[in-house]
Amino acid sequence: MNENKVCFITCYNDEVLYQECLKYIHTLKVPEGFEIETLGIVGAKSMAAGYNKAMRSSDAKYKVYLHQDTFIINNNFLNDSLNLFKANQQLGMLGMVGTKKLPPNCIWWEGKNLKGKVYENHTGKMGLLQFNEIANPYEEVESIDGFLIATQYDIPWREDVFDGWHFYDTSQSLEFKLAGYKVGIPRQLTPWAIHDCGIVQTSNGYEHYRRDFLETYSNELFPPSEGYKRLHERFRVIALVACHNDGDIIYHVIGDLIKQGVEVYLINHCSTDNTVDEASKWLGKGLLHIENFPEDAGYPEENKTQYVWKDILQRKQELSMLLDADWFIHHDSDEFRESPWIGLSLSKAIEIVDRTGYNAINFKLLNFRPTNNHFKPGSDVREALTHFEWGEHFNRLQLKAWKNFHQPVDLVSNAGHVIEFDGKKVYPINFILRHYPIRSQLHGVQKVINERKKRFNNIEKNVNGWHIQYDHIENEQHCFLYKREDLIEYDARLVRKQNLNEAGHNKIICNEIENVIDVLKKEKKLTYIKDLEIYLNEIKLLNGRKKPKVTILITTYNQKQYLKQAIESTLKQDYENLEVLVADDCSTDGTEEMMQEYTTNKKVRYIRHSSNLGPGNNTRYVFYNYVDSDYVLILNHDDFFIDDSYISKAAELLTENPNLSFVTANCIIYDVDKNEYKKTNYVEKTIINGLDYFLNYETNKYHHITSVLTTLFRRENAVKMACLKEESKCLDLFLHLKLMLTGDVGFIQDHVGVYRVHNRSISGQLPDGYDFSTLSELEKLKNYVLNEYRLPQDNLETWINIQVLTYVRWRIPYLWQTNKKLALELLMGISNKYPIAYNHILETI
């Protein structure tokens, strides 16, 4: 290595600019005994690759890396730089501008303490860019800009990661620090260089390399706190907590997470109370960092005066790519998260979830309410607020913890309620979320009236339908206190037992409980095992009994020629605990005589009405008076199964997934009159979010469900929603829509049955008088969802227009052939109330 040599290295693609750059280099004063060398790299694959190539080819100890559009105007540049290097052997690299500390988004110029100066024209106009002055010969910084870099040691550039033109300089800054050297910016009375960069372009992969940088260096930027590292060296959970004026409880919220082995990254969203002071007590003890949002993260200024939830969620998405953790929790500052297992910390329980192959966790929401004003700010709110109510319908899903696969995740699409990423596999047992949004009357007025309602972002509230939880609160006269008798007293064991009951009683749940018992035994927490062992034995006893009972309800009227095939296809099903209930609506075609064949078959039950009730009434009457099974499938008398194991597969899916409301599958549509077969080749996830399916039904997002031929559903869910009681002859439509509101939808890709279409089928014989009542029922359902789920009015208006459009477009061709007057009445009847549907239909006529 030649210690009296300086090499100037430039990657270039513009010969004119490079020659201008060289002209300035050759006018520099060269120290006595030193020589200079210039290396120009043409056609480099990346900046890092070009610099590595030149670095390896030169024996100069000192190297200067500069852009082709950088012109050194300090004639004493070499003397000034070399004197700094010789006086400071730990100083490995010099730059002209940079930041003392990288901001969380790692864009150096968005840092808070910038240093250095340069003439440049990144705005399109040449001028002085000057940051904080430097008092000493140089200022140590974390990162420098790459337009001009001088080094006295050779550290390889990370071309393995930064194979483009961005973040190579920030990367090299950290590489020098990791090698034990300092990175600095010299004191400049006037700028040492001109950077003729022009308007900065960040569209050519900048964001891609920023994320690569975050993933590569996150552990160095945000190392685990020492206390946590000693306790949990191999498994790390970080809670991403956003807060605004929660100084009365933030100390205990953070402390509880740390006590449970979870580290915390705090996003302070413009708090004006003592939140930061209280939180700071945990710095170095498990609290990694307090980020002041939006300024530290470089987000828009509107966040200082508005509550822009989308931006906070996006920031958490970024942090999940930046921080090095095994799991993340999307956490609010007014809640406490707990394991579903008494005796196991939150971190240990998540580690068990991780070991069993799941990568996401849902939380059971408990909203704790104040019944008096006894809570004292700074005390543990859990001691003051002891009564709760279960989370609302729209808060049923709290999928807020996920395994870090170092891939982008999506919190924004579902307003933070449900994390989305490829390959999501949710743990079958909910964890516990204890929520304390309002702590007293005074706190409720301050938070809701004086702060939140004034700060909600208008677009998020009025267009997205977010921030609706306080719509019913109008002014300071609102009472935020609850009657204790209207709430449930919190009992940790009872809550967890109910939580397990909701998870179900299948083998998967048994296995998870056994896993937890094993962990508790290893940790010698024997006092917590007894309850679990009792519960496990109860489940095993239940599992030792028959599988859930399934009833296949076949309603029939004068379809003897098809009915037998329908019955026989059900009896071929390999599911054991099966009942076939045939409800004869007073047929006159010999159906009663044919059914004598099944009098000895214990699986078949035959009911015959003394008078004709009609297709909808028949189904409704028998379902509510004769069906007592766990799961039900309604089979039309002219349809039949072709997959003998479908009921087994569908029942197993329901049993193993307690959140499922019903299961459906592909089928074959057979047009008898045309003798044509058509397959429904739908492709969906095995489990689909029910509410999302409801809101997007009959759109391109989800498929239309053909009849009830493949729909195996939970009877209790249908009863809860009063299914089949609608004033409509399209009961299958309402059955599916209402069941979507009570749980998720399971889907099996197989073609499991044949749906017959012919001129005597029920769908072809709908009475004319029920069209307007069907539309009325859709309107009732829309209003129910509006009130119960608090979804935005605009969204539901779009939804009902789509449902009306689908129904009327299906009915018009039939009515036009049989009753043109009614067809026109139906069209005119929707013209004012459902203009979107009306206009679409007119366009297609």
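Is Asn 245 buried or exposed? At 11% relative accessibility, Asn 245 counts as buried; buried means under 20% relative accessible area, exposed over 50%, and partly exposed in between (1.4 Å probe, protein chains only).

This is a predicted model, in which local features need pLDDT of at least 70 and side-chain atom pairs count only at pLDDT 80 or more, while totals for chains, interfaces and linings use all residues. Residues are numbered from 1 along each chain as its sequence is written, and side-chain values use heavy atoms, with hydrogens and water left out.

1. Backbone at Asn 245. Its place is in the loop between β14 and α7. Helices (H or I, at least four residues) and strands (E, at least two) are DSSP runs, numbered from the N terminus. Phi of Asn 245 is near 55°, a positive value in a residue other than glycine. Most residues other than glycine have a negative phi, and most peptide bonds are trans.

2. Other backbone points to check. Cys 586 also is not a glycine, and has a positive phi of about 65°. Cys 586 sits in the loop between β25 (578-584) and α18 (591-594). The peptide bond joining Phe 293 and Pro 294 is cis, with omega about 15°. Pro 294 belongs to the loop between β16 (287-293) and α9 (309-322).

3. Asp 248. This residue lies in the loop between β14 (237-243) and α7 (250-259). Asp 248 has a relative accessible area of 13%, so it is buried. Its side chain makes a polar contact with the side chain of Arg 439 (2.8 Å). A polar contact is a pair of N or O atoms within 3.5 Å; within protein, one must be able to donate a hydrogen and the other to accept it, and residues adjacent in sequence count only if both atoms are side-chain atoms. Leaving aside neighbours within four places in sequence, Asp 248 is in contact (heavy atoms within 4.5 Å) with residues including Asn 274, Phe 375, Pro 377 and His 443.

4. Helix α4. Nine of the 11 residues of α4 (residues 168-178) are buried, so the helix is largely enclosed by the rest of the structure. Among the buried residues are Tyr 168, Asp 169, Gln 172, Glu 175 and Phe 176. Their cover includes α2 (47-57), β5 (91-95), β10 (143-144), β11 (148-151), β12 (182-186) and α5 (206-221). Gly 180 follows α4 and has a positive phi, near 95°.

5. Strand β11. Both faces are covered: Leu 148 and Ala 150 are buried on one side, Ile 149 and Thr 151 on the other. In a regular strand the side chains alternate between the two faces of the sheet. β11 runs antiparallel to β3 (residues 60-66), with four bridges joining them. Three bridges join β11 to β5, again antiparallel. Two strands pair if DSSP finds at least two bridges between them. Ile 149 stands opposite Tyr 65 and opposite Gly 95.

6. Salt bridges. The structure holds 44 of them, each a side-chain nitrogen of Lys or Arg within 4 Å of a carboxyl oxygen of Asp or Glu. One joins the side chains of Lys 117 and Glu 133 (3.2 Å, N to O). That pair links distant parts of the chain, 16 residues apart: Lys 117 is in strand β7 (residues 114-120), and Glu 133 is in the loop between β8 (127-130) and β9 (138-140). Lys 117 is buried at 6% relative accessible area, whereas Glu 133 is partly exposed at 48%.

7. Lys 738 and Glu 726. Their closest N and O atoms are 2.7 Å apart, in a salt bridge. Lys 738 lies in helix α23 (residues 731-740) and Glu 726 in the loop between α22 (715-720) and α23, so the pair ties together parts that are 12 residues apart in sequence. Lys 738 is buried at 12% relative accessibility. Glu 726 is buried too, at 1%.

8. Further charged pairs. Lys 310 forms a salt bridge with Asp 311, with 3.2 Å between the closest N and O atoms. Lys 310 is partly exposed at 33%, while Asp 311 is buried at 4%. A network of salt bridges links Glu 207, Arg 210, Glu 291, Arg 315 and Glu 318.
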